[in-house]
Amino acid sequence: MFSLTARACRDLLGSGEVSSTELVELYLDQVERVDDRVGSFLLVDRDGALAQAAAVDATPRDERLPWEGVPIALKDLLCVEGMETTCASRILKGYRPPYDATVVAKLRAAGLIFLGKLNMDEFAMGSSTENSSVQLTRNPWDLERVPGGSSGGSAACVAAAQAPWSLGSDTGGSIRQPASLCGVVGMKPTYGVVSRYGLIAFASSLDQIGPLTRDVRDAAALLDLIAGNDLMDSTSVGLPAPLVMPTRTDLTGLRFGVIREFLGEACEPGVREVFDGAVAAIHAAGGMCEELQLPSVEKGLAAYYIIAPAEASSNLARFDGVRFGHRSEGAVDLIDMYNRTRSEGFGEEVKRRIMIGTYVLSSGYYDAYYTQAQKTRTLIADDFRRAFGRVDYLISPTSPTVAFGIGERTQDPLAMYLSDLCTIPANLAGLPAISIPAGLSHGLPVGLQIIGPHFSEQGLLEAAYAVEQRLGLSALPSIAEAGR
Amino acid sequence: MISREEVEHIARLSRLRFEEEELERFRHDLSAILDYVNTLGELDLEGLKPTAHAVDLKNVLRADEPGVCLSQAAAVANGPAVEAGQFVVPRIG
């Protein structure tokens with residue numbers, strides 16, 4: 001039961017084999033059974049979900065929408081009207097958004113049921129979910145290891161079968177890296193495919209919302225539900241055409257470029273081994289693979305750690321204790337209230353990024369840092385453009401390592417940042433990228449990243465589907481099987 | 001290594017306040033991160049235009065028509081201190 005894809009949930013509802021109430025209870029029971037160990041959920045909306053399910057069950061089956069009654073869980077930076085939304089930060093404790101994010105409104109209109117809100121690194125800043133101010137999330141494959149981040153709850157809940165699928169957000173790898181570490185599929189769409197309205201902003205020129213799912217077809221289905229141009233986000237474009245279910249099973253005629261820079265010394269031998277196996281599988285399926293050099297991508301990490309903090313320092317200026325969330329008591333005047341509120345409300349990594357961002361944007365440093373980083377961004381985008389003149393898709397490991405131990409990198413911010421080495425360039429260039437499970441190294445999942453040209457989602461999903469069929473991986477961590 | 005005065009200055013601009021030992025830790029962390037991002041200096045970026053947005057968009061326009069928006073009550077409902085539909089703040093120093 002618990003290896004169910006969202007499509008299987010839909011089919012069981014459609015045939016009448018299960019009611020929406022039964023389905024929702026199944027997942028809520030699994031949350032109850034394992035979440036004290038996994039810690040995916042910040043909020044479980046049992047009553048709301050069951051009320052939604054009862055309403056679905058009261059509607060005749062032939063009058064329902066295709067996905068009506070299928071449950072989903074949401075990263076806690078997506079605004080849901082009336083449901084506490086905190087970004088796992090003290091500063092937003094108790095915040096109940098007065099409106100739905102566009103993606104939430106779309107899912108609501110499609111009849112999906114919201115199980116609750118998922119843990120994350122505070123304001124999506126981190127790669128292990130250890131920066132949550134609320135709780136740890138543990139990797140369902142090994143509870144002593146991190147699930148990755150920042151969408152750690154979104155990845156762990158799918159891996160532990162606490163939800164059939166979830167939404168996360170990806171600024172520098174925050175969907176793909178945890179998907180890789182937890183053995184699920186995670187996709188970051190082309191910048192602009194999905195509206196960011198109601199996504200609490202981290203770095204606005206990089207943020208995209210995307211699906212975390214059990215397989216590639218579910219990712220296609222969920223992306224199709226949330227994609228689209230939106231009046232409320234002037235950077236949103238949508239997709240050139242609605243997505244259709246991927247059906248491709250061979251890769252004949254497709255050219256893949258292996259990004260050599262991501263196979264350097266940072267890449268663990270065990271990850272390399274699984275990656276080489278995936279390359280062999282692509283060959284076996286008729287695809288061509290060649291190594292390519294993209295020299296600029298190695299500088300992606302440095303450019304990112306200027307651009308993302310700069311945008312964050314500006315976006316997070318709104319948290320000042322006036323309109324929402326935490327306000328410090330006992331301040332003598334307004335400025336004092338700002339200082340106290342922000343110092344009490346933000347965690348250490350968020351403060352670190354605000355400080356870096358403020359520094360690089362401050363008078364006298366702007367050109368040396370910010371302009372330099374934006375030019376590097378141009379260089380990276382040009383390198384990708386040239387590469388896509390030679391090959392159809394680029395591939396690499398999603399993460400240079402498997403899931404690392406809890407606490408292992410918390411004392412060294414730079415070591416933590418290195419987790420996103422392979423994922424950041426796609427954000428800087430605005431490209432779509434997907435991570436699919438490629439195998440296990442010492443019992444821990446390794447993800448394969450496939451990057452495509454702008455707005456190539458349909459083709460990218462077809463290619464990912466064909467690779468997925470060839471790799472044929474369907475392993476689940478034992479904790480997901482417990483409830484069977 | 002950036003100076004302690006610089007860290008204090010940035011903290012002031014950021015509206016953040018730090019304890020003594022936090023200041024020292026941030027000085028150390030920020031210096032390490034800035035050293036790392038400074039490796040961009042090795043690149044030849046001559047003649048390149050800065051990219052602010054990865055996907056080329058022309059000006060996006062729409063008709064300026066009034067639509068539905070939040071009520072005043074809903075807009076201030078999350079305020080920590082609200083009176084008569086307004087946010088209340090401490091006096092300006």
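1. How many helices and strands does chain B have? In this predicted model, chain B has three helices and two strands. Read from the N terminus, the order of its elements is α-α-α-β-β.

2. The C-alpha trace of chain B spans about 50 × 45 × 20 Å along its principal axes. Of the 93 residues in chain B, 14% are buried.

3. Chain A holds 16 helices and 11 strands. Its radius of gyration is 21 Å, close to the 23 Å that the globule rule gives for 484 residues, so chain A is as compact as a globular protein of that length. The C-alpha trace of chain A spans about 65 × 55 × 45 Å along its principal axes. Buried residues account for 63% of the 484 residues in chain A.

4. A further point on chain A concerns its contacts along the sequence. Taking contacts between residues at least 6 apart in sequence, 77% join residues at least 24 apart.

5. Next, the sheet of chain A. It is an open sheet of 11 strands in the order 1-3-2-4-6-5-10-11-9-7-8, with mixed pairing. Strand 1 (41–44) and strand 8 of chain A are at the edges; each has a single partner strand, so one side of each is left without a neighbour in the sheet. On average, neighbouring strands of this sheet are turned by 30° against each other, direction ignored.

6. Which strands of chain A pair with strand 7 in the parallel sense? One is strand 8 (residues 288–292), which is joined to strand 7 (residues 255–259) over five bridges. In this pair, M288(A) of strand 8 is the bridge partner of R255(A). Strand 9 (residues 393–397) of chain A also pairs with strand 7 in the parallel sense, over three bridges. Here G257(A) stands opposite L394(A) of strand 9.

7. The sheet also contains antiparallel pairing. Strand 4 (residues 166–170) and strand 6 (residues 208–213) of chain A run antiparallel and are joined by five bridges. Within strand 6 of chain A, P211(A) is the residue opposite L167(A). As a general point for reading side chains off such strands, in a regular strand they alternate between the two faces of the sheet.

8. Helix 8 (residues 269–284) of chain A belongs with strands 7 and 8: the three elements make a right-handed β-α-β unit. Helix 8 of chain A lies across strand 7, strand 8, strand 9, strand 10 (433–441) and strand 11 (444–451) of chain A. Its direction is at about 115° to strand 10 of chain A.

9. Where does A285(A) lie? A285(A) is in the loop between helix 8 and strand 8 of chain A. With 19 other C-beta atoms within 10 Å, A285(A) is partly exposed, because a residue counts as buried if 20 or more lie within that distance. Leaving out residues up to four places away in sequence, A285(A) touches D250(A), L251(A), A466(A) and R470(A). T249(A) is 36 residues from A285(A) along the chain, and their C-alpha atoms are separated by 7.9 Å.

10. Is A109(A) buried or exposed? A109(A) has 11 C-beta neighbours inside 10 Å and therefore counts as exposed, the cut-off for exposed being 12 or fewer. A109(A) lies in helix 4 (residues 102–109) of chain A. A109(A) and T190(A) are 81 residues apart in sequence, with 23 Å between their C-alpha atoms.

11. Last, the interface between the two chains. Contacts link 59 residues of chain A with 42 residues of chain B. On the chain A side, the elements that give two or more residues are helix 9 (300–315), helix 10 (334–345), helix 11 (348–361), helix 12 (366–390), helix 13 (413–417) and helix 14 (424–429). Helix 12 of chain A gives the most to this side, with 11 residues. By type, the residues on the side of chain A that touches chain B comprise 30 nonpolar, 18 polar and 11 charged.

Conventions: Residues numbered from 1 in each chain as written. Chains lettered and ligands numbered in written order. Predicted model: local features only at pLDDT ≥ 70, side-chain atom pairs only at ≥ 80, totals over all residues. Contact = placed C-beta atoms within 7 Å. Helix = DSSP H or I, 4+ residues; strand = E, 2+ residues; numbered from the N terminus. Nonpolar A, V, L, I, M, F, W, Y, C, P; charged D, E, K, R; others polar. Pairing = 2+ DSSP bridges. Right-handed = clockwise from strand over helix to strand, strands pointing away. Axes fitted to C-alpha atoms, helices over the stretch in contact; angles between N-to-C directions. Rg over C-alpha atoms; globule rule 2.2 N^0.38 Å.
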